[in-house]
Amino acid sequence: QVQLVESGGGLVQPGGSLRLSCAASGIMFNIRAIGWHRQAPGKQRELVARIPRTGSTDYADSVKGRFTISRDYAKNTVYLQMDSLKPEDTAVYYCAADTTRANRWNYWGQGTQVTVSS
């Protein structure tokens with residue numbers, strides 16, 4: 001019912017910036033929140049930022065002060081602005097939607113690679 005497509009990943013030097021986009025389509029009126037997640041090789045997937053339909057945004061401690069999640073309702077798009085990037089931010093980044101009223105991420109995008117390296 002919900003399709004999510006990420007874009008904006010790439011290679012960036014430490015200290016640089018990148019903005020990821022998550023474009024949503026389909027039946028979207030039940031979306032309660034959009035979250036950005038990341039997974040690096042050998043590590044568990046982690047939620048890094050969340051933006052609910054109503055309420056405050058949330059961030060993982062590892063990205064607070066560096067990442068900003070936002071949305072553009074007219075474009076049905078959620079963004080993740082990433083500043084002061086570190087090598088440990090290297091991962092595949094995914095956006096996901098929660099439509100369940102139970103904090104379950106039940107729709108996922110395909111992912112976009114972010115590599116932070118000199």
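Me: What is the volume of the largest pocket?
Reply: The largest pocket has a volume of about 280 Å³, counted as the space filled by probe spheres set on joined grid points. The model is predicted, so local features need pLDDT of at least 70 and side-chain atom pairs 80 or more, while totals for chains, interfaces and linings use all residues. Residues are numbered from 1 along each chain as its sequence is written, and side-chain values use heavy atoms, without hydrogens and water.

Me: What makes a residue part of the lining of a pocket?
Reply: A pocket is an open set of points on a 1 Å grid over the protein atoms alone, with protein on both sides within 12 Å along at least five of seven lines, and a lining residue has an atom within 4 Å of a point. For the largest pocket, 17 residues form the lining, and Ile31, Ile34, Arg53, Tyr73 and Val78 lie nearest its centre. Strands S3, S4 (33-39), S5 (46-52), S7 (67-72) and S8 (77-82) each give two or more residues to this lining; a strand is a DSSP run (E) of at least two residues, numbered from the N terminus.

Me: How do the residues of the lining of the largest pocket divide?
Reply: There are 11 nonpolar, two polar and four charged residues. Ala, Val, Leu, Ile, Met, Phe, Trp, Tyr, Cys and Pro count as nonpolar, Asp, Glu, Lys and Arg as charged, and the others, including Gly, as polar. The second largest pocket, of about 160 Å³, has three nonpolar, four polar and five charged residues in its lining. Among them are Phe29, Arg50, Asp98 and Asn103.

Me: Why is the link of Cys22 and Cys95 called a disulfide?
Reply: The sulfur atoms of Cys22 and Cys95 are 2.1 Å apart, and the cut-off is within 2.5 Å, so the pair qualifies. The two cysteines are 73 residues apart, Cys22 in S3 (18-26) and Cys95 in S9 (91-98). The search of the whole structure finds one disulfide.

Me: Why does Cys22 count as buried?
Reply: Buried means under 20% relative accessible area, exposed over 50%, and partly exposed in between, with a 1.4 Å probe and protein chains only. Cys22 has 2%, so Cys22 is buried. Cys95, at 0%, is buried too.

Me: What makes S1 and S7 edge strands?
Reply: The open sheet has the order S1-S3-S8-S7, with antiparallel pairing. S1 (2-7) and S7 each have a single partner strand, so one side of each has no neighbour in the sheet.

Me: How do you know that S7 and S8 pair?
Reply: Pairing needs at least two bridges found by DSSP, and S7 and S8 have six, in the antiparallel sense. Arg71 stands opposite Val78 in S8.

How values were computed. Helix = DSSP H or I, 4+ residues; strand = E, 2+ residues; numbered from the N terminus. 1 Å grid on protein atoms, 1.4 Å probe; cavity = no way out; pocket = protein on both sides within 12 Å on 5 of 7 lines; lining within 4 Å.
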